[in-house]
Amino acid sequence: MIETYDGIILARREIGENGCYIDVLTDEKGLIEASAHGVKKINSPLLSSAALFSYATFSFSHNKTRYTVNSARPKYSFHKLGEDIDKLALASYFAQAVRACTPTEQNQLEERRGSVVRFLAIALFETLRAGEERSLEAVKAAFELRYSMILGFAPDLVACHNCGKYECERGMLFLPRKSKLVCAECFNPDFEGERVMLLPETLFAMRNIVFSPPERCFKFTVREQAVKQLAAIAEDYFLYRAERTFTALEYYKKLRGAL
Ligand SMILES: [Zn+2]
């Protein structure tokens, strides 16, 4: 049976001299592990489409439990990520995180908010573009917070959970374990547990990440101090929900001198 899906390659393992296994993220079937033959031959039509981060329309032969790639029509090439080691490391973290959080051969469209494939393509595109309008740290934070939301862990950032105020002169606090906001007037230090007093710009960025359509969720500009705060909040929030850490994240942080 032939099946065709848009997907992004999240991992690749070599087999023999000319073949490989690829893990492809799709919306319709979650993660698909497929074999691709002859991909290292210079005249192979799959040469570029079977590369890591390749975003393409893949046509698979599906035979009981095995998938084989027949052909692939490229949609966008992220091969330039390979020219910048920091960007490549960040993209690898995104791929590892999505691979770990996506079940095999299960439809991802029903309960999730929108297409995961499209979201990851946007995240990789913004990683490529980072350095122009916003830093890699801002892209990373937007990915972590928005992907938490896609996984069903959206923080409630509409207003103070207690009084309903959208903003407060004395400031707003984020309660990361309770996934909600509370204003400084309602905040009770005895009951709230972990909390972060948010810079107004940080809250603006968090709301943009969570409430914008996917193509806008990376597009915000805040000062470095707010990016730092946002980065710490987003990473902690995502890892706490994912209940694990990622080797690719540790590597990225080592490269960026954060460890
Ligand atoms: Zn309040």
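Which residues coordinate the zinc ion? In this structure, the ligands are C160, C163, C183 and C186, each through its SG atom, at 2.3 Å; donors are taken as N, O and S atoms within 2.8 Å of the metal (3.2 Å for Na, K and Ca), and water is not among the atoms, so sites may look incomplete. The structure is a predicted model, in which local features need pLDDT of at least 70 and side-chain atom pairs count only at pLDDT 80 or more, while totals for chains, interfaces and linings use all residues. Residues are numbered from 1 along each chain as its sequence is written, and side-chain values use heavy atoms, with hydrogens and water left out.

The arrangement around the zinc ion is tetrahedral because its 4 donor atoms subtend angles of 100 to 115 degrees; four donors are assigned to this class if all angles lie between 85 and 135 degrees. Along the sequence, the donor residues follow the spacing C-x2-C-x19-C-x2-C.

Helix α3 covers residues 136-150; helices (H or I, at least four residues) and strands (E, at least two) are DSSP runs numbered from the N terminus. Because 14 of the 15 residues are buried, α3 is largely enclosed by the rest of the structure. Among the residues of this helix is L136, which is buried at 6% relative accessibility. The C-alpha atom of L136 lies 8.0 Å from that of L90, although 46 residues separate the two along the chain. F143 also belongs to α3 and is buried, with a relative accessible area of 0%. Between F143 and L120, 23 residues apart in sequence, the C-alpha distance is 8.5 Å. Just after the helix, G152 adopts a positive phi of about 100 degrees.

Most residues other than glycine have a negative phi. F53, however, has a phi near 70 degrees and is placed in the loop between β3 (30-36) and β4 (55-63). With 4% relative accessibility, F53 is buried. E243 has a phi near 55 degrees and is located in the loop between α5 (224-242) and α6 (247-255); at 71% relative accessibility, E243 is exposed.

A further loop, between β6 (172-175) and β7 (180-183), contains P176. This proline is buried at 5% relative accessibility, and its C-alpha atom is 9.2 Å from that of Y240, 64 residues away along the chain.

The largest pocket has a volume of about 220 Å³. On a 1 Å grid over the protein atoms alone, a pocket is an open set of points with protein on both sides within 12 Å along at least five of seven lines, and lining residues have an atom within 4 Å of a point. Helix α4 (residues 200-211) gives the most to the lining, with 4 residues. The lining residues include Y166, M172, L203, F204 and R207.

Technical notes. On a 1 Å grid over the protein atoms alone, a cavity is a set of points where a 1.4 Å probe fits but cannot get out, and a pocket is an open set with protein on both sides within 12 Å along at least five of seven lines; lining residues have an atom within 4 Å of a point. Grid points are joined across faces, edges and corners, and a volume is the space filled by probe spheres set on the points. Four donors count as tetrahedral if all angles lie between 85 and 135 degrees; four count as square planar and six as octahedral if opposite donors are over 155 degrees apart and all others between 65 and 115; anything else is irregular. Buried means under 20% relative accessible area, exposed over 50%, partly exposed in between (1.4 Å probe, protein chains only). The expected span of a helix is 1.5 Å times one less than its number of residues.
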